[in-house]
Amino acid sequence: GLRTYGGSTLTLNSKITNITVDAPLSTASGYTAGINMGGDTQDSREGKLAVNGDSLTIKASNSNAYNTFGVTMWSDDGGGQGLTADFNVKNMEITAEAKGGGHAFGINANNGIKSHVNITGDYLNINTSSILNGGSRTGNAQAITMSGANSSAVIDTKKSVFSSYSEASAANVLLAINGASIQVKGETELTAVTGEVDSASYMANAAYASNGGNIVVGAENASVKMTGNILAYGGDSTVTANFSGTDSFLTGLAVKDSDTDSINLSFKNGARWNVDLASQNPTSTKSIITNLHIENSTIDLTANGTAEERAPGSIYQQLVVDNMTGGNGLFIIGADWTTGQSDWVDITTAEAATHYLKIQDLTDKEDKTQKIDKPGTVNFDSNVLLIVDRSDSITLEALAEDTGGIWGRSYNLISLDGYWNVTGVNNYYSANTKALLNSTEAAYY
């Protein structure tokens, strides 16, 4: 669509700009790009592009199994003085669709060249998809990909909405690799989705930092909605995400690969983490993060289903945290009282504070009827471990439940040097049962 090369400088001042590029099935070969910036080692100048205006729309599609780019920045040999793209546009939309096997990139800076992307404005939407279209495979779908230690993307818009869908491969909304960095400020929505093709299992990642990459999402008190996993892999990689407010959430796992990788998550003011693998084949159930701040917010390890959907034979979730701060957090955990299996949280160090526990009963229905649902106190054959605080710093309170059935229930929760166990339950007539008994008694008299 629009191309610059080497140390050229291009400034585009237009109130409304539309760029549409399509490579149909008849095209023999080649990629498709809305904006294409190339570097040249023979040129001592930095390549620059500036786009200013009210509206910028980029639509790129490719139907010949080759890659599709909304904006691409590249150099064949990784050299040159670098490339910078500045977009100062009120409303900016990028759509990249690859059909039949190619990768789909919204913004892509690769091949080691020094690349910088800066976007300011009111609204930014990036939508990428890679679909089969009759082919045997698809490529990855990625909204923003930055590579190289001197490469960066800074998105400073009031609202950003990014989505990536791959029918038969991985979806990565934000991907920072080889020392590159991505920062997204303001209200943010990130959605990664993979399709169901054969028996393949592909990850859907909202934020993926690899080999020294760094990603930061969410400003202080900004709404962040994130569907997809958070990954930090390859050493010295960091992902930091801040969730604030009742409409902010993370649905997915968060996994760091090594002690030199770091994932830092903050949940405040009613935000929620639904801990569940964002994949069509959820075989991995363990989140490992560096720092967790939870303040008046919820972490739900039962997000992969209701009690009826999960039990029996549930996939139990695990959350491992190096350091936890904050207070008044709510942990929702599933447990089978007869097998002793449960979701669980393992914390190395924690700030002294009170947190709360809500329990999802995953006991087999027959066992529950025969062994658990009895009047009064029912002590378990062995304790059920739910939360480990190795620093023995937190206070944990289990919330009683009254779901409208026959029984209401409270839990006997004890700490053994920071190992929080449930030893039994206390069953009592629920409010509905009491009301029914009172009305029956009144009718009798």
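Is D361 buried or exposed in this structure? D361 is buried, with a relative accessible area of 11%, where buried means under 20% relative accessible area, exposed over 50%, and partly exposed in between (1.4 Å probe, protein chains only). The model is predicted, so local features need pLDDT of at least 70 and side-chain atom pairs count only at pLDDT 80 or more, while totals for chains, interfaces and linings use all residues. Residues are numbered from 1 along each chain as its sequence is written, and side-chain values use heavy atoms, with hydrogens and water left out.

Side chains of opposite charge can pair when their charged atoms come close. D361 takes part in such a pair: its side chain meets that of R409 in a salt bridge, at 2.8 Å from N to O. R409 lies in strand β33 (residues 407-416) and D361 in strand β29 (residues 354-361), so this pair ties together parts that are 48 residues apart in sequence. R409 is buried, at a relative accessible area of 4%. A salt bridge here is a side-chain nitrogen of Lys or Arg within 4 Å of a carboxyl oxygen of Asp or Glu. Strands (E, at least two residues) are DSSP runs, numbered from the N terminus. The structure holds nine salt bridges.

Another of these joins D322 and K256, with 2.6 Å from N to O. Because D322 lies in strand β26 (residues 318-327) and K256 in strand β21 (residues 254-256), the pair ties together parts 66 residues apart in sequence. K256 is buried, with a relative accessible area of 7%, whereas D322 counts as partly exposed at 27% relative accessibility.

K159 and E187 also form a salt bridge, their closest N and O atoms being 3.9 Å apart. This pair links distant parts of the chain, with K159 in strand β11 (residues 152-166) and E187 in strand β14 (residues 187-194), 28 residues apart. K159 is partly exposed at 27% relative accessibility, and E187 is partly exposed with a relative accessible area of 29%. Together with E189, K159 and E187 are linked in a network of salt bridges.

I414 is partly exposed, at a relative accessible area of 33%. With L385, L416 and Y419, I414 forms a nonpolar patch on the surface, with about 300 Å² of accessible area together. Such patches are made of residues with over 30% relative accessible area and no salt bridge, nonpolar side chains (Val, Leu, Ile, Met, Phe, Trp, Tyr) being joined within 5 Å and like charges within 9 Å. Accessible areas come from the Shrake-Rupley method with a 1.4 Å probe; for residues, only the protein chains shown count as cover.

Terms used. Helices (H or I, at least four residues) and strands (E, at least two) are DSSP runs, numbered from the N terminus.
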